[in-house]
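Please keep the structure open while you read.

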Amino acid sequence: TEKMLMQSEKLALLGELSTGIVHEIKNPLTSIKGFLQLMKAGTINIKDYLTILNSEIERIESIAGDILSFAKPQEKLENLDITNIIDDVMLLMEVQASKKDIELQWNPVKRNMILSGDETQLKQVFINLIKNAIEATSNGGKVKVAVEEEVSSIHIQVIDNGEGIPADKLDEVGQSFFTTKEKGTGLGLMVTNKIVKNHHGKVLIDSEVGKGTTFTIQLPKVESYSKVVDNI
Ligand code: ADP
Ligand code: MG
């Protein structure tokens with residue numbers, strides 16, 4: 001079935017990625033091991049290195065988190081109202097936004113925009129995009145999410161006025177492990193692309209350096225039953 005195919009495609013991609021993943025996890029592990037050896041030998045003071053050790057461990061943690069969200073077993077497809085999904089994600093992201101005094105804007109023009117999808121995975125898509133938008137925006141800025149209904153699809157936009165993405169980097173963004181952040185994993189957009197593709201959708205990027213970035217997710221919509229009845 002289609003579902004099984006998606007799962008095996010994912011496993012194949014994970015296989016391709018595994019060399020990179022092992023490498024990315026090995027780096028912080030090697031440095032943790034090195035520090036532990038120096039501490040054991042009494043050459044260095046433990047206290048001075050706790051911050052570094054902690055950030056190396058956090059790096060492994062975030063890589064593991066991104067891989068987990070990607071490797072999750074079988075999707076569960078349901079008819080979902082995308083505006084409810086975004087409501088939930090906005091609540092989730094509020095803590096991170098408030099740390100940078102960033103205002104999250106979300107005023108859906110209408111409700112009841114139904115699509116068929118996996119709730120957890122779709123949430124992951126918007127968590128990843130909003131997280132990136134917050135990270136790219138300076139303190140006190142705004143991140144906006146907007147939704148539009150087209151004839152046969154729903155378009156969700158995550159809009160920021162942050163740093164933007166240089167044109168020559170647009171192709172690299174979304175490739176595994178491409179990151180410009182010190183603590184980035186470079187897995188967020190790869191996971192996002194994969195989930196959107198599994199939902200038969202598209203990811204579009206519109207960005208200008210210094211002006212900001214808009215990610216548009218286009219997903220096929222499910223015609224509501226009442227509408228079909230209306231047409232008789
Ligand atoms: P990470 O966030 O761990 O770096 P992602 O895959 O989520 O990994 O993003 C990859 C890269 O794409 C980021 O490091 C950043 O350079 C760029 N990027 C993604 N979203 C934005 C955005 N909204 N504004 C500017 N750059 C972005
Ligand atoms: Mg990210």
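1. Start at Thr179. Setting aside residues up to four places away in sequence, Thr179 touches Gly184, Thr185 and Gly186. Bear in mind that this is a predicted model.

2. Where does Thr179 sit? Its place is in the loop between S5 and H5. Leu189 lies 10 residues from Thr179 along the chain, and their C-alpha atoms are separated by 9.9 Å.

3. Is Thr179 buried, exposed or partly exposed? Count the other C-beta atoms within 10 Å: there are 15. Buried needs 20 or more, and exposed means 12 or fewer. Thr179 is therefore partly exposed.

4. Now look at the ligand. Ligand 1 is surrounded by 22 residues. Thr179 is among the closest, together with Asn132, Ala136, Gly184 and Gly188. H4 gives the most, with four residues.

5. What kinds of residue make up the shell around ligand 1? The shell divides into 11 polar, eight nonpolar and three charged residues.

6. Turn to the sheet. Five strands form an open sheet with mixed pairing, and their order is S2-S4-S5-S7-S6. Strand S2 (103–106) and strand S6 (202–208) stand at the edges. Each has a single partner strand, so one side of each is left without a neighbour in the sheet. On average, neighbouring strands here are turned by 15° against each other, direction ignored.

7. Follow one pair of strands. Strand S5 (residues 153–160) and strand S7 (residues 212–220) run antiparallel and are joined by eight bridges. Gln157 stands opposite Thr216 in S7. As background, strands of a sheet pair through backbone hydrogen bonds, either parallel or antiparallel.

8. Helix H4 (residues 119–136) packs on this sheet. H4 touches S5, S7 and strand S4 (142–149). The direction of H4 makes about 25° with that of S5.

9. Last, the core. The largest nonpolar core has 30 residues. Ile82, Phe126, Leu129, Ile130, Ala133 and Ile134 touch the most other members. At least two residues come from each of helix H3 (82–99), H4, S4, S5, H5 and S7. H4 gives the most to this core, with eight residues. In soluble globular proteins, nonpolar side chains tend to be buried together.

10. Pick Leu129 to see such contacts. Neighbours within four places in sequence aside, Leu129 is in contact with Val158, Thr192 and Phe215.

Note on methods: Residues are numbered from 1 along each chain as its sequence is written. Chains are lettered from A and ligands numbered from 1 in the order in which they are written. This is a predicted model: local features need pLDDT of at least 70, side-chain atom pairs count only at pLDDT 80 or more; totals for chains, interfaces and linings use all residues. Two strands pair if DSSP finds at least two bridges between them. Axes are lines fitted to C-alpha atoms, for helices over the stretch in contact, and angles run from 0 to 180 degrees between N-to-C directions. Two residues are in contact if their C-beta atoms, placed from the backbone, lie within 7 Å. A residue is near a molecule or strand if its C-beta atom, placed from the backbone, lies within 6 Å of it. Ala, Val, Leu, Ile, Met, Phe, Trp, Tyr, Cys and Pro count as nonpolar, Asp, Glu, Lys and Arg as charged, and the others, Gly among them, as polar. A nonpolar core is a set of buried Ala, Val, Leu, Ile, Met, Phe, Trp, Tyr and Cys residues joined through C-beta atoms within 7 Å.
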